[in-house]
Amino acid sequence: MNSIADALLLDLSRRLGDARTPRVKALHLPPAPWNGSKDGEFGALELEDGSLGLSYVLLDDSLASLAGGRQARDLAGADAMSIATQWRDGRGAARTLGFAAVNALSRHLFDRAGFVPPAATDSIGGLDPQPGEHIGMVGFFPPLVRQVTALGARLTVLELKADLAGEHPGFTVTLDPADLRDCDKVLSTSTVLLNHTLDGVLANCRRARRIALIGPGAGCLPGVLFEAGVTTVGGTWITDGSGFKQALRQGAPWSACARKFAMSAADWRTP
């Protein structure tokens, strides 16, 4: 049982209620095969009202599957909540589509309530690492590693790739989530939502005072995450839908069409 996925889908369904929910309009993908860019790692599901939900598309060969299959072509007019349940129940490309639908429906609810999350102040979830603190990082991101270690903090990175494991100058890469148990603060990629590993990560971060979940995929309703122990949710807020879709399809940078946000439980206003 995936407690976070179950709870988040239940929260989403409850908030949507009996009001008419916009159906799926289209799926927008970056060029396939992957062009090697950060922007090419994400796709977006669009609803009839223009709401866009992002999802990482390089897990389980989802990009190749979606770009070459009829799964994406048959989406127009589909019930978005039914697609969203595939995040929990499906595998591969179906799970990727489901997660994008979760994020698109969340954006629909945000807009319906007039809720706009505050802008991020940095790229590490506002963790403010201090000399001597033990920082955990879920997912190896060299630019962020340099930011943390430059501030004098001890860093442990949890990874799935065995070839990265071991001691490195200024930090350690581990394959064992238990190595996060004595971390003071933890910075995690939002991909732990997509692949359903967040429950396990949080179980090993009970000592951490702050846990930041960041990445373009962190666009879901945050209440369940705050209740589970996450203290900051940082994602991507699309500000120019048309420009974003065009750039995504062309494999061009789309940062000018979006901004990064970071919110805590205190910022969250329930829609």
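Which residue in the turn of the E6 and E7 hairpin has a positive phi? That residue is Gly170, with a phi of about 90°, and two residues lie between the strands of the hairpin.

Some ground rules before I go on. This is a predicted model, in which local features need pLDDT of at least 70 and side-chain atom pairs count only at pLDDT 80 or more, while totals for chains, interfaces and linings use all residues. Residues are numbered from 1 along each chain as its sequence is written, and side-chain values use heavy atoms, with hydrogens and water left out.

On confidence, pLDDT is the predictor's own score for each residue, from 0 to 100. The chain has a mean pLDDT of 94, and 97% of its residues reach 70 or more. The lowest confidence is in helix H3, residues 70-73, at a mean of 68, and the highest is in strand E3, residues 52-56, at 98. Where pLDDT is low, the predicted coordinates should not be read in detail. Helices (H or I, at least four residues) and strands (E, at least two) are DSSP runs, numbered from the N terminus.

Now the eight-stranded sheet. It is open, with mixed pairing, in the order E6-E7-E5-E4-E8-E9-E10-E11. Strand E6 (166-168) and strand E11 (258-263) are the edges; each has a single partner strand, so one side of each is left without a neighbour in the sheet. Two strands pair, here, if DSSP finds at least two bridges between them. Neighbouring strands of this sheet are turned by 20° against each other on average, direction ignored. For angles, axes are lines fitted to C-alpha atoms, for helices over the stretch in contact, and values run from 0 to 180 degrees between N-to-C directions.

Going through some of the pairs: E4 (residues 134-138) and E5 (residues 154-158) are parallel over five bridges, with His134 opposite Arg154 in E5. E5 and E7 also run parallel, joined by four bridges, and Leu155 stands opposite Phe171 in E7.

Helix H7 comes next. Which of its residues are buried? In H7, residues 142-149, they are Leu144, Val145 and Val148. Buried means under 20% relative accessible area, exposed over 50%, and partly exposed in between, with a 1.4 Å probe and protein chains only. Seen down the axis of H7, the buried residues fall within an arc of 105°, so they line one face of the helix. The arc is that of the directions from the helix axis to the C-beta atoms. Their cover includes E4, E5, E7 (171-174), E8 (185-189) and E9 (210-214). Arg146, also in H7, is exposed, with a relative accessible area of 53%.

E1 and E2 share four bridges, and Leu27 has Leu45 in E2 as its bridge partner. Contact means heavy atoms within 4.5 Å.

In H11 (residues 241-250) the buried residues are Gly243, Phe244, Lys245, Ala247 and Leu248. Just after H11, Gly251 takes a positive phi of about 75°.

Then the cores. A nonpolar core is a set of buried Ala, Val, Leu, Ile, Met, Phe, Trp, Tyr and Cys residues joined through side-chain atoms within 4.5 Å. The largest has 59 residues, and Leu193 and Leu225 have the most contacts inside it. H6 (residues 92-113) gives the most to this core, with ten residues. A second, separate core of 15 residues includes Met137, Val145, Val173 and Ala212.

Arg107 lies in H6 and counts as buried, at 15% relative accessibility. Beyond its neighbours within four places in sequence, Arg107 is in contact with Ser51, Leu52, Trp237 and Ile238.

Last, two separations, C-alpha to C-alpha. Arg146 and Phe99 are 47 residues apart in sequence and 30 Å apart in space. Asp79 and Leu155 are 76 residues apart in sequence and 43 Å apart in space.
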